[in-house]
Amino acid sequence: MRKNEQARQRTGGFLKVRVLLCAAVLLACGAASAEVPQADGQNRKTIAEERQMAPRTPALAGLKRAAENGDADAQVEYARKLHRQFNDPVEGFCWLERAAAQNHPEGLYILSLYYLNGWGVVKNPEVAFKIMQASADTGYMNGEGVQHDFLTALRWFQKAAEQHHPDAMFYLGAAVYEGSGTDKNPAQGWAMIQEALRLGSSLAQHHIRIYADPAVTQS
């Protein structure tokens, strides 16, 4: 019993950071490499084709050249400018794909927003969640830049869990079990963790050993 409690305390920070990071992607409606999905082929251009295209403004020539030469930071920044200044999320998406393929944390993060909102690609929340998890694995694990609003985070995870997303179900169940950002209810949290297992959550499978069935521990 004490061992399980100590293990939960050690992983509490991990769960909180991961939940907040995941929620940050969903809240932003305002890194994985080869597994990052590709856009429809007809919407994608090769680097050779991009080199033949003039930059949108002379001021962006240097940034575009750096992006073409494989600079992931430049690819992300160029994508931002294409989307924000020129309302071209389709071309921006292509550059974000290239940055994400280099495991660029911010590139993965922003790419997940594109899938979440359908910017330049078919809207796909499931893919958005997967890429967001890759971003969390690649960088941002110290929680910097993440809005620490657990209640809002949990509301978004509730929405994802209602769509039977396995890992979202686990995150929400763990929060309810521990009382992190919500009323503590180990029995309800345990039931949600079990449902996450049934849905095939790898996170639930990995962390289930630190959670005990409240019905057993209270008997």
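Contact here means heavy atoms within 4.5 Å, and helices (H or I, at least four residues) are DSSP runs numbered from the N terminus. The model is a predicted one, in which local features need pLDDT of at least 70 and side-chain atom pairs count only at pLDDT 80 or more, while totals for chains, interfaces and linings use all residues. Residues are numbered from 1 along each chain as its sequence is written, and side-chain values use heavy atoms, with hydrogens and water left out.

Buried residues (under 20% relative accessible area, with exposed over 50% and partly exposed in between; 1.4 Å probe, protein chains only) in H10 are Gly189, Trp190, Met192, Ile193 and Ala196. These residues lie on the same side of H10 because they cover an arc of only 165° around the axis, taken from the directions from the helix axis to the C-beta atoms. Their cover includes helix H9 (166–178), helix H11 (202–207) and helix H12 (214–217). Just after H10, Gly200 takes a positive phi of about 95°.

Attention now turns to the interior. A nonpolar core is a set of buried Ala, Val, Leu, Ile, Met, Phe, Trp, Tyr and Cys residues joined through side-chain atoms within 4.5 Å. The largest has 25 residues, and those with the most contacts inside it include Tyr78, Phe93, Trp95 and Leu96. Two or more residues come from each of helices H3 (61–68), H4 (72–86), H5 (89–100), H6 (105–117) and H7 (125–138). Another core, of 22 residues, lies apart from it, with Phe129, Phe170, Val176 and Met192 among them.

Rings of Phe, Tyr and Trp (its six-membered ring) pair if their centres lie within 6.5 Å; planes under 30 degrees apart count as stacked, over 60 as edge-to-face and the rest as tilted. The structure holds seven such pairs. One of them, Tyr114 with Trp119, is edge-to-face, at 5.4 Å centre to centre and 85° between the planes. Tyr114 counts as buried because its relative accessibility is 2%, whereas Trp119, at 29%, counts as partly exposed. Tyr177 and Tyr211 also pair edge-to-face, at 4.9 Å and 80°. This pair links distant parts of the chain, with Tyr177 in helix H9 and Tyr211 in the loop between H11 and H12, 34 residues apart.
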